[in-house]
Amino acid sequence: MKRLKIKEVLTGEKTGEVVLVKGWVRTKRGSKNVNFIALNDGSTINNLQIVVDVEKFGEELLKDINTSTSLAVTGQLVESQGTGQKVELNATDIVIYGKSDPDKYPIQPKKHSLEFLRDNAHLRFRTATFSAVFRVRHAMAFAIHKYFNDKGFYYLNTPIITASDAEGAGQMFRVSTLDAKNPPLKEDGSIDYSQDFFGRSTNLTVSGQLEGELGATALGEIYTFGPTFRAENSNTTRHLAEFWMIEPEMAFYELGDNMDLAEEFLKYLIRYALDNCMDDLKFLSKRLQDEEKDKPQDQRSMELIEKLNFVDNNDFVRCTYTKAIDILKNSKPYKAGKFQFPVDWGVDLQSEHERYLVEKHFKKPVILIDYPKDIKAFYMKQNPDGKTVAAMDVLFPQIGEIIGGSEREADLQKLETRMKEMHVPAKEMWWYLDTRRFGTVPHSGFGLGFERFILFVTGMGNIRDVIAFPRTPKNAEF
């Protein structure tokens, strides 16, 4: 008999038929006459209730069925006699694939802290919370590829090993085959990377943007979607050393086109989640409400589905950085000294400032543009005022910046001058500058941190809980 997924069985379309399901036991309860087993196979947040006649199967078999035991169950699907589910399965045959020792299995059917589950990340997928998170993550990854494919973009695989630092931050992981204890040295005592595998110093990438621009200036519109790495010693709820980025780059796009694409893209993803992940979103919403029930009302998060609809249903406000500074300086929190970080023209806005603009002032998602050039990267197009660049940040409720992007500087002379000012080695970036030498065009792009976006969509509070195996300082388990 062909196995059916529990998601399909729970629709009730097979009611009255004999079916075969396979999965892992979430819980088992019952009396000496009948046991009820909640079985889950990962296809849905919902469990299938298995009704087991104790006399038929015997207590010897049933004592080997515990949380996380894997089973194959055949039986008749019938309308449920209880509440909470449409159908249940009256078992006629049970095969145990793998037993689970209830005294040793760490994920018991009770509430566990997220910290405990991180320590058991190899098993946390079996909990309802994490199965929901990773189904949503999958749906969003699929939707990203579908969106760009349907718009005629090309998926470009940019290198993971690179000799360039796109952000100029210097916080990169080195890639080397040299003997760490006895590396070859130059006469001046520095390491001789000419003897390394690639013949030069190389690192794990922090961004696929620069290589993405090369593709865009021939293919027109491309996107990258891959792992990126940053050796930043930050133990916060928003930082990872290994994370995934989506970075579209588009020829002939100016800043306004870039903003239009970012807004359309984000709304598409959120609408896809609402249309295809509702069971998981409802579960995650309830989880968040239970988590925050003891907080004062004004400190609780917006209800998850309401928050997603807030983004989907509102046009994004477009506002200059300069105007945003004026708004913040005239705000009640600023005048009352409630902002933790300073507000002055030229500073990089913090999450508290971004959230005020979105949640209190405009009450809509916001795209901030025209940032001071001194706080932005070398490749951003310089505005005629000489002080700002054609940058954009998309701000969301509760999380602040969700997307960062810009129109790229297309003028070779301006780009070379800016690189010199910011000590970016133009000699090593000859290949990047060639795109400005040969057929340069206006072009733009942006970056969306995948985990940051999944945090927003799932309502989880820590970025380590939306990636399967988080890589953070002093932590590379599993």
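Leaving aside neighbours within four places in sequence, threonine 44 is in contact with Ile6, Lys7, Leu10 and Arg135, where contact means heavy atoms within 4.5 Å. Threonine 44 sits in the loop between strand E2 (34-40) and strand E3 (48-53). Helices (H or I, at least four residues) and strands (E, at least two) are DSSP runs, numbered from the N terminus. With a relative accessible area of 7%, threonine 44 is buried; buried means under 20% relative accessible area, exposed over 50%, and partly exposed in between, with a 1.4 Å probe and protein chains only.

This is a predicted model, in which local features need pLDDT of at least 70 and side-chain atom pairs count only at pLDDT 80 or more, while totals for chains, interfaces and linings use all residues. Residues are numbered from 1 along each chain as its sequence is written, and side-chain values use heavy atoms, with hydrogens and water left out.

Another loop residue is serine 68, found between helix H3 (59-62) and strand E4 (70-79). Serine 68 counts as buried because its relative accessibility is 6%. Its phi is near 85°, a positive value in a residue other than glycine. Most residues other than glycine have a negative phi. Aspartate 370 also has a positive phi, near 60°, but aspartate 370 lies in strand E13 (residues 366-372).

Next comes a sheet. Strands of a sheet pair through backbone hydrogen bonds, either parallel or antiparallel. Here, an open sheet of 3 strands runs in the order E7-E9-E8, with antiparallel pairing. Strand E7 (161-162) and strand E8 (174-175) stand at the edges with a single partner strand each, so one side of each is left without a neighbour in the sheet. Two strands pair if DSSP finds at least two bridges between them; E8 and strand E9 (residues 202-204) pair in the antiparallel sense over 2 bridges. Valine 175 has threonine 202 of E9 as its bridge partner.

Helix H7 (residues 255-276) and helix H9 (residues 304-313) pack at an angle of about 145°, with their axes 9 Å apart. Axes are lines fitted to C-alpha atoms, for helices over the stretch in contact, and angles run from 0 to 180 degrees between N-to-C directions. H7 contributes Lys267, Ile270, Arg271 and Leu274 to the contact, and H9 contributes Ile305, Leu308, Asn309, Val311 and Asp312. By class, the contact of H7 with H9 has 5 nonpolar, 1 polar and 3 charged residues. Ala, Val, Leu, Ile, Met, Phe, Trp, Tyr, Cys and Pro count as nonpolar, Asp, Glu, Lys and Arg as charged, and the others, Gly among them, as polar.
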